[in-house]
Amino acid sequence: MTSPSTATEVEDDTTSSSTRSNRPDRAARWARRAPLLPALIFVIILTQVPMIVTLVISFTNWVAFRPDDRSFAGLDNYRTVFGDPEARSAVVVTIILTLTVVVFSLLIGLGIALLLDRQFLGRGIVRTMMITPFLIVPVAAALVWKHALYNPTYGLFNGMLRLVFGDNAPTRDWISDNPLIAIEAALIWQWTPFMMLILLAGLQSRPMDVVEAARIDGANSWQIFIHMTLPHLRQYIELAGLLGAIYVVQNFDHVFTLTAGALGTANLPYHIYQTLLSAQDYGEASAAGVVTVFGTIIIAMFALKTAFSLFQEETR
Amino acid sequence: MSSTEQEDLTAAERETQAERVEEVQQMNRTPRSTSTIVFGLLAWLIGLIFVAPVLWMVLTSFHAETDAATSTPNFFAPLVLDGYRSFWDAGPLPPLINSATASLVSTALVILLAFPAAYALSIKRVEKWTDAMFFFLSTKMLPIVAAILPLYLIALELNMLDNIFTLVFLYTAMNLPIAIWMLQSFLAEVPVEMLEAAQVDGAGLLRTLVSVIAPVVMPGIAAASLICFIFSWNELLLARVLTSTVAGTAPVFLTGFVTSQGLFLAQVCAASVVISLPVLIAGFAAQDKLVQGLSMGAVK
């Protein structure tokens, strides 16, 4: 990662001098905080306040077209969420979608990163080609996959099959036949470059002299990969996987565009959007929101732990 | 060839360890050249597979609708601009301007707020600065969808629905944590002598930030700006719920474009190309910055 920071020394200097004087100067402390405060206050107002409001509404009976009929609901909305088969299905879909997309993009991304770590003609061009999917606006990518690739009559996938196999081509209705896989494939296509970029950076930060020394000692490529490359990559794999998971859990664009949540593909973000939009049930949507937050917190705790270990290594 | 290598190796044994490593590296290159070609071709193949949907999107956008919607792909149909013309007729300029406003203004705000904050978290650190860092990171893990109802109700109350500045503020909050993490890791590497010199000169906070630190951490500021721009430009959910006809952004326009126009493949592809173009240009121009940004500065 990065070399031990030089600025830490400045910090150590100032702390030691302040302990020497042994008089915590209030004005000086606030002067230190001042540059941080605008950002901190901004983030608290725009992220924490809405969350607290969501929490409050989730304990309220509140439907949009009966605005004056608000009352305390206790845990009713949560009972509705856990009793509602659609909401439960949304939880399951979210878990499957996130796991599948993250695991497959990580594996494919790792394979490609290993290939790109080698010298070959046009490596820069291949790297640029690999990044391209990540640079397509997600809604646009979902639209293109739906209409230009998956469409059964004029999409590229069936078109290629007809080109190769003629009239008896094993064509299929890609989205209707496997709706969730269709969403996952489009997402894996967009997220593999993300994983690849982080893993490639990890590979290129390997201490190559150690690897060469192992090779001199007679280690073969497979042994080097298992015993040296993978352990070194571990924290990069964790970082890529967890950051990816945070974004994929929240995915709305692909579900919205490819299936509009139909055919059992509604994940939690889409389900909440739908509850707000069609049922206008503010209380239930908020309760589903709180459930999503708790689900995310479980992933987030692992993410924070990983970030923390990386961070400590950096500021050591 | 192999006999000279053998001689090289025996000669190398008398040399220092470092030189030996170099020799072995060179020796390994020759027998592995076939595998280098095979793996190189494989990399090219996979790269082409991944870029194919994008190439197909671009090609289709230049086809006439009748050539685009054929049952077998018509790779060599004549290239026309009809798709772009119909896209243009649908009036994409206001949403594109809205997207540019939301992305550029929010990115500027993010840097303006994140830069001093990163200073207080890396150089002249506040007490409990790690707690502050992790507070920022944790907000990034809260799903936006869980906050969307209160945001809608608050915007309704403040008469800020369908107002582009609602999105500017929300995108700023959405991207601030990423920028703070990135800039913190860059500021922590500013050479201590430089800061001491500024202190001796009696430079105030503002001058230290602008004329001493900013020039050194420019690559970090560029990486953070790039990522914030891309995430704001791509955002759909908030924009869809909080805007409609006036402040709708390009992604919102794109979703409406399909449902209102029916299906015109070339047109949809042309729209997707145009709307993705700013991100593609920014991303290609700053490929190296992409990794730093995506990993919040953890990977350099």
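**Exercise 1.** Classify B:Asp82 as buried, partly exposed or exposed, and find which residue forms a salt bridge with B:Asp82.

*Solution.* Step 1: the classes are buried (under 20% relative accessible area), exposed (over 50%) and partly exposed in between, with a 1.4 Å probe and protein chains only. B:Asp82 has a relative accessible area of 36%, so B:Asp82 is partly exposed. Step 2: a salt bridge needs a side-chain nitrogen of Lys or Arg within 4 Å of a carboxyl oxygen of Asp or Glu. B:Asp82 pairs in this way with B:Arg85, with the closest N and O atoms 3.5 Å apart. Step 3: both residues belong to helix H5 (residues 82-89) of chain B, three residues apart, or about one turn of the helix. Helices are DSSP runs of H or I with at least four residues, numbered from the N terminus.

This is a predicted model, in which local features need pLDDT of at least 70 and side-chain atom pairs count only at pLDDT 80 or more, while totals for chains, interfaces and linings use all residues. Residues are numbered from 1 along each chain as its sequence is written, chains are lettered from A in the order in which they are written, and side-chain values use heavy atoms, without hydrogens and water.

**Exercise 2.** Describe the salt bridge of A:Arg234 and A:Glu238 and the accessibility of A:Arg234 and A:Glu238.

*Solution.* Step 1: the N to O distance of the salt bridge is 3.1 Å. Step 2: the two residues are four residues apart in helix H12 (residues 221-249) of chain A, so about one helical turn separates A:Arg234 and A:Glu238. Step 3: A:Arg234 is exposed because its relative accessible area is 54%. A:Glu238, at 27%, is therefore partly exposed.

**Exercise 3.** Characterise the interface of chain B and chain A by contacts, buried area and salt bridges.

*Solution.* Step 1: with contact taken as heavy atoms within 4.5 Å, 118 residues of chain B touch 105 residues of chain A. Step 2: the buried area (accessible area, 1.4 Å probe, lost on putting the two parts together, summed over both) is about 9,800 Å², 78% of it on carbon and sulfur atoms. Step 3: two salt bridges link the chains. One of them joins B:Glu127 to A:Arg29, with N and O 3.1 Å apart.
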